[in-house]
Amino acid sequence: MRNPPWLTVVDDTIAACITHHRADLAGKLERRRALLLDPRLRVPVIGELNQGKSQLVNALVNAPVCAVGDDVTTMAPTAIEHAEVPTAALVTDVPTSGRRAIGPADAEPARVPVPVEDVASETLATRRHDVHAEIGLPRDLLSGGLVLIDTPGLGGVGSRRTAATLAVLANADAVLMISDATCELCASELELLKKVAKVCPAVTVVLTKIDIVPRWRRVAERNRARLAAAGLPVKVVAVSSSVRLTAARTGDQELNEESGFGELVRCLRQDVLGRGEALAGRSAAAATAVATEQLLTPLKRDLAETKGGQLGAAHVQYRAAQHRLEELRRRSGRWQTMLADEVADLLSDIDYDLRERTRKIVRIAEEFFEVADPARTWDEFEYWLADSLAETAEINFAWLIERFQWLSTKIARQVALDEAVPEAADTADLLDHIGDLDPPRIEKFSVGQQLFVGLRGSYGGLLMFGLATTLAGMPLINPISIGAGAAFGAKSIWDERGSRLKRRQATAKTAAQRHVDDFFLSYSKESRDTARLVQRRLRDHFASVVEQLQSGIVERATEAKRAAEADLADRRRRSQEIEVEVDRLVDLHKRIQALVPPAAPRRGLTA
């Protein structure tokens with residue numbers, strides 16, 4: 001016997017699920033395949049609470065096999081199929097990956113026979129969620145393989161009952177969606193219809209309780225309009241279960257047609273029983289389409305990420321290394337210019353500071369020798385001058401080292417390094433530039449020199465006053481002229497002492513100035529030499545460090561480039577593999593779509 005076209009598509013989809021390590025999807029499709037090969041056609045009756053589902057099933061089979069009432073009455077699914085004699089049983093479901101399936105299963109379920117007349121109460125009494133009822137009735141409607149399944153109401157607090165209903169929907173060949181005529185289809189019912197249409201293309205809406213709603217036709221038309229607006233080409237059939245049961249008891253065919261069940265039965269016969277193979281193809285297409293969509297979604301996402309997604313870690317590291325190397329090269333030119341400019345400014349500042357400090361020392365020395373006698377204070381002055389010059393050298397050199405430390409830190413930040421700074425020059429030889437202060441030449445004012453200066457000065461006084469007194473008749477040498485000569489001699493000696501002091505002070509000032517100038521020249525040269533030495537050390541140090549950094553960055557960039565190229569090759573290989581798999585699934589999806597012919601206007605359950 002030739003296999004139906006959908007069977008090959010289902011088998012290929014199962015194989016694709018196994019290839020992509022989706023055992024869960026493969027298991028669902030295998031169970032769905034087994035049910036599709038079963039000649040029976042399962043039609044769940046679903047809806048929200050208190051919509052009249054159970055009463056509609058009772059009216060279709062003309063038997064009170066489903067519990068009805070104002071409260072929650074359907075606790076577990078109830079399957080009604082054809083049997084030569086009435087039978088009923090409570091069946092414990094066999095778990096299949098967390099979902100129950102009514103129909104053939106790998107394991108044999110436990111069955112507990114119950115009387116047909118008691119099955120409704122027994123089903124209502126059970127509180128177990130792994131039990132469902134199976135009923136067999138000798139009905140002509142069911143003889144063609146139709147299986148009606150009454151399901152627990154959707155919504156409310158019974159989440160397990162909702163799960164049981166959704167499990168039944170997964171294995172449905174057609175679905176009857178129940179909604180009473182007291183109100184139009186609500187948003188939750190429209191959303192439910194959209195979900196049902198994805199897993200089971202054959203759906204019809206049954207409008208119940210039309211016998212208690214005078215304007216049910218208007219409600220039916222509004223429901224059709226809402227279904228069309230939602231893009232759901234679903235047929236709406238209006239029925240009254242109470243009128244149907246009354247017609248069955250009385251045998252009134254006209255009343256039966258008025259109940260709407262005549263049209264509903266014809267729909268079941270023509271669009272379900274009369275199109276079993278087409279429904280199987282549609283159901284297979286729906287189940288496999290869902291599976292292939294779940295397979296394609298992650299593949300397409302992976303393909304998009306592979307082609308245009310974020311770069312891998314190797315690419316990021318390679319770009320970071322390139323950026324670091326370029327930045328280091330840019331900064332290399334800047335830090336060398338900075339070093340040269342800062343050292344030039346530093347030499348200018350150091351020279352100015354040294355000059356200012358030595359000039360201050362010279363001014364103090366000049367002020368000191370304005371009043372002090374070098375002959376008496378030279379030793380004290382020499383000690384003070386040496387100490388002042390030593391302090392000047394230490395302060396100036398400390399500032400030089402401090403500026404270089406600041407400069408080295410600034411350059412290290414510029415180059416973005418965390419390297420140690422080379423040590424500065426030794427300060428032990430700073431005092432060598434002070435030298436010994438040569439004392440000024442001091443002439444001694446001896447007694448003989450003082451006597452000679454006194455006689456030279458007294459001669460003029462003696463002669464001048466002697467001549468003046470001769471006019472008064474006194475001799476040239478007299479007491480007055482002798483006194484004047486003595487006074488003039490003493491004055492000459494005193495003036496000579498002052499002149500000699502001024503010469504000694506001037507000589508001392510000159511000696512101090514010359515000594516400070518010698519210190520300035522010697523220390524200034526040493527300071528400049530030290531600054532250039534530190535500059536060369538800093539330049540060589542940072543150049544060496546930058547070269548090492550560049551070598552390390554180049555090495556890491558090379559490794560990152562190789563890793564990035566390998567990652568890119570792996571991405572391309574992976575992209576090609578994904579494209580091949582996507583193309584296979586797309587071809588499979590096209591074959592699935594070919595199973596569903598274009599919808600044509602027809603009278604019956606609309607896919």
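Visitor: Hi! How many bridges join strand β3 to strand β5, and do they run parallel or antiparallel?
Guide: Six bridges join β3 (residues 87-92) to β5 (residues 131-137), and the two strands run antiparallel. Strands here are DSSP runs of E with at least two residues, helices are runs of H or I with at least four, and both are numbered from the N terminus. Two strands pair if DSSP finds at least two bridges between them.

Visitor: Which residue stands opposite Val131 of β5?
Guide: That is Thr92.

Visitor: Before we go on, what kind of model is this?
Guide: This is a predicted model, where local features need pLDDT of at least 70, side-chain atom pairs count only at pLDDT 80 or more, and totals for chains, interfaces and linings use all residues. Residues are numbered from 1 along each chain as its sequence is written, and side-chain values use heavy atoms, with hydrogens and water left out.

Visitor: Good. What is the strand order in the sheet?
Guide: The sheet is open, has nine strands and mixed pairing, and reads β4-β3-β5-β2-β6-β1-β7-β8-β9. Its edge strands, each pairing on one side only, are β4 (110-113) and β9 (235-238). From one strand to the next, the twist averages 25°.

Visitor: Which strands does α10 touch?
Guide: α10 packs on the sheet against β1 (41-47), β6 (146-150), β7 (175-180), β8 (203-208) and β9, and its direction makes about 145° with that of β9. Touching means contact, with heavy atoms within 4.5 Å. Angles run from 0 to 180 degrees between N-to-C directions, and axes are lines fitted to C-alpha atoms, for helices over the stretch in contact.

Visitor: Switching to helix pairs, at what angle do α3 and α10 pack?
Guide: α3 (residues 53-61) and α10 (residues 261-272) pack at about 80°, with axes 11 Å apart. That makes them roughly perpendicular, a label for 65 to 115 degrees; under 35 is roughly parallel, over 145 roughly antiparallel and the rest oblique. Leu56, Ala59 and Leu60 of α3 meet Phe261, Leu264, Val265 and Leu268 of α10.

Visitor: And what about α1 and α2, how far apart are their axes?
Guide: The axes of α1 (residues 5-19) and α2 (residues 23-37) lie 8 Å apart, at an angle of about 165°. These two helices are therefore roughly antiparallel. Among the residues in contact are Trp6, Leu7 and Asp11 in α1, and Leu25, Glu30 and Arg33 in α2.

Visitor: Last one: how much of the chain counts as buried?
Guide: Of its 607 residues, 45% count as buried, meaning under 20% relative accessible area (1.4 Å probe, protein chains only), with exposed over 50% and partly exposed in between.
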